[in-house]
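User: Could you walk me through this one? I'd like to start with the terms and then get to the details.

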Amino acid sequence: METSPEITLEQIRERAYELWERNHQLDGFEIEFWLMAERELRAERDRKRAEASSDAPAVPSTDEALRS
């Protein structure tokens with residue numbers, strides 16, 4: 001199974017900055033925006049991973065293959 005690439009610090013930084021801008025550039029919430037960015041990126045990665053695995057053709061188990 002192919003693993004998704006790791007989320008980089010640069011990706012988190014860019015997303016956190018976007019969140020900061022969208023939220024009227026609030027000062028004092030740097031950690032919150034960073035954590036929110038991490039959560040969003042992980043959720044997107046997991047959603048893509050789930051979609052990819054549901055699109056993959058079913059592979060029979062060894063037992064099923066032997067019974068055929």
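Analyst: One term to settle before the residues is burial: buried means under 20% relative accessible area, exposed means over 50%, and partly exposed is in between, with a 1.4 Å probe and protein chains only. By that scale Asp 46 is partly exposed, at a relative accessible area of 38%. This is a predicted model, in which local features need pLDDT of at least 70 and side-chain atom pairs count only at pLDDT 80 or more, while totals for chains, interfaces and linings use all residues. Residues are numbered from 1 along each chain as its sequence is written, and side-chain values use heavy atoms, with hydrogens and water left out.

User: Which residue forms a salt bridge with Asp 46?

Analyst: That is Arg 45, with the closest N and O atoms 3.5 Å apart; a salt bridge here is a side-chain nitrogen of Lys or Arg within 4 Å of a carboxyl oxygen of Asp or Glu. The count by this rule is seven salt bridges.

User: Is Arg 15 buried or exposed?

Analyst: Arg 15 is buried, with a relative accessible area of 14%, whereas Glu 18 is partly exposed at 39% and Glu 40 is partly exposed at 26%.

User: Switching topic, which residues make up the largest nonpolar core?

Analyst: Its six residues are Ile 12, Ala 16, Leu 19, Phe 33, Ala 37 and Leu 41, and the elements giving two or more residues to this core are α1 (9-22) and α2 (30-55). Such a core is a set of buried Ala, Val, Leu, Ile, Met, Phe, Trp, Tyr and Cys residues joined through side-chain atoms within 4.5 Å.

User: How do the axes of α1 and α2 cross?

Analyst: They come within 8 Å and cross at roughly 115°, where axes are lines fitted to C-alpha atoms, for helices over the stretch in contact (heavy atoms within 4.5 Å), and angles run from 0 to 180 degrees between N-to-C directions.

Notes:
Helix = DSSP H or I, 4+ residues; strand = E, 2+ residues; numbered from the N terminus.
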